[in-house]
Amino acid sequence: MHDITSNPYAQMPPLFRQRPTYLRINLDAIAHNFDVIRKQANGARVMAILKANAYGHGLIPVALKMAEQKADMFGVAFLEEGVLLRQAGIEAPILVVGGLVGYQTKHFIDYHLDLTASSLYKAQQVSEEAQRMRRTVRIHLKIDTGMNRIGVRADNAVDFAMEVAKLPHLDLVGIFSHFVRAQGPDITLAKQQLEEFHDVIEGCSKQGVEFEDIHMANSSALFNLPDARFNLVRPGISLYGYPPGAHLENKWGLKPALSLQSEIVFFKGIRKGAGVGYMHTWTAPEDGWLATLPMGYGDGYPRHLSNKGEVLIGGKRYPTVGNISMDQMMVFTGKDELEVGQTVTLLGNEEGETITAWELATKSGTIAYEILCGWTPRVPRVYEGTGWKPETT
Ligand SMILES: *Cc1c(COP(=O)(O)O)cnc(C)c1O
């Protein structure tokens, strides 16, 4: 058996977790983003998407904040995420948007989680288990309008819905689909997907199958495709303060909620021509100063940022030099003689200068989503804002 909740680092008393490297999470920023989303949803209800440890921000603290803000519903990817939310006292409906594995069905029902049915076979399994447990189970149909991941294809969707509607012990509450690409500038495909989904809803309605929760809009669609809002929206990345694409300016006033700080633990002069770090992938172009930070790719800082990243010290940008190691990394400060103990911001804002998750993502060949949820359990999370105040988790 493996223990899905164990994070050996989090189990350490806070005193031992006071690394000079930590993620600072501003729950007030998340609450602010939720307000922006609420307005943008224009009356549609909001399902706060909290998968992957709330995009790295911490599942439980974010969930409690969202509950305080009266999020209508919560969305997660896997069973265990839903269970953790229930154990933390979340009472609103929780939809597990990912697929389900047969043997997990009982637990979904035990914890009152809304299920996603991505095939008739799955729906039948759920219906049978619900019957055994003498329960009625809330279910959402997943319609594939182009992702080709999970779900029933749009052309078969009306038949699928009619079949599921006949199954006993199911409360057919929702139907949903997911966009391949909705952040623009080209939204042709998104419009096509939306049209297919519209047709499915209409087809179902003609057959007398109606849904309480019709949902398709992720953050991109919420902000770009008003028609995709239906009566429920599913924002993820925007909740955490980021637009869904690197090229998109943050015109909605979203506030990034997460920042990463460390400090200089070693500071020394370096001679022109001296190599730095594993493989000596960088050599000093001139005499100058070199800072060492007590963190590395073992904490989730992308190794692809070797010789490409920048950090902020005193609001000024300095380059990361040499290969990022698992637990340490180096920064060249040129002629600036700094001090051990000075704060370094690797992600976030310092004296008016900002490094965003999209900047780290673009420079390391990925997307902000991966940067945000990539911080490892070794990095302590410190929470700011009301509602949740542990020293660290
Ligand atoms: C992750 C996810 C979302 C949220 O997407 P964002 O781009 O982060 O807003 C919405 N719906 C489903 C099904 C998802 O998996």
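This is a predicted model: local features need pLDDT of at least 70, side-chain atom pairs count only at pLDDT 80 or more; totals for chains, interfaces and linings use all residues.
Student: Where does helix α8 lie, and how many residues does it have?

Tutor: Helix α8 covers residues 188–206, which gives it 19 residues. From its first C-alpha to its last it reaches 27 Å, close to the 27 Å expected at 1.5 Å a residue.

Student: Which residues of α8 are buried?

Tutor: Begin with the general idea: an α-helix has 3.6 residues a turn, so residues three or four places apart point the same way. In α8, the buried residues are Ala 190, Gln 193, Leu 194, Phe 197, Val 200, Ile 201, Gly 203 and Cys 204.

Student: What do the buried residues of α8 pack against?

Tutor: They pack against the strands β6 (137–144), β8 (170–176) and β9 (213–217), and also against the helix α7 (154–166).

Student: How should I read the way α7 and α8 are placed, as roughly parallel or roughly antiparallel?

Tutor: Look at the angle between the axes, where anything under 35 degrees counts as roughly parallel. The axes of α7 and α8 come within 9 Å and cross at roughly 25°, and the two helices are therefore roughly parallel to each other. Their crossing is right-handed.

Student: Which residues make the contact between α7 and α8?

Tutor: On the α7 side they are Ala 154, Ala 157, Val 158 and Ala 161, while α8 contributes Glu 196, Val 200, Gly 203 and Cys 204. Sorted by class, this contact of α7 with α8 has six nonpolar residues, one polar and one charged.

Student: Which residues other than glycine have a positive phi here, and where are they found?

Tutor: One of them is Asn 42, whose phi is near 55°, and which is found in the loop between α1 (27–41) and β2 (45–49). Another is His 280, with a positive phi of about 45°, in the loop between β13 (275–276) and β14 (282–283).

Student: Why does Asn 42 count as exposed?

Tutor: A residue counts as exposed when its relative accessible area is over 50%, and Asn 42 has 60% relative accessibility, so Asn 42 is placed in that class.

Notes. Residues are numbered from 1 along each chain as its sequence is written. Side-chain values use heavy atoms; hydrogens and water are left out. Helices (H or I, at least four residues) and strands (E, at least two) are DSSP runs, numbered from the N terminus. The expected span of a helix is 1.5 Å times one less than its number of residues. Buried means under 20% relative accessible area, exposed over 50%, partly exposed in between (1.4 Å probe, protein chains only). Contact means heavy atoms within 4.5 Å. Axes are lines fitted to C-alpha atoms, for helices over the stretch in contact, and angles run from 0 to 180 degrees between N-to-C directions. Angles under 35 degrees count as roughly parallel, over 145 as roughly antiparallel, 65 to 115 as roughly perpendicular and the rest as oblique. A crossing is left-handed if the near helix is turned anticlockwise from the far one by less than a right angle, and right-handed if clockwise. Ala, Val, Leu, Ile, Met, Phe, Trp, Tyr, Cys and Pro count as nonpolar, Asp, Glu, Lys and Arg as charged, and the others, Gly among them, as polar.
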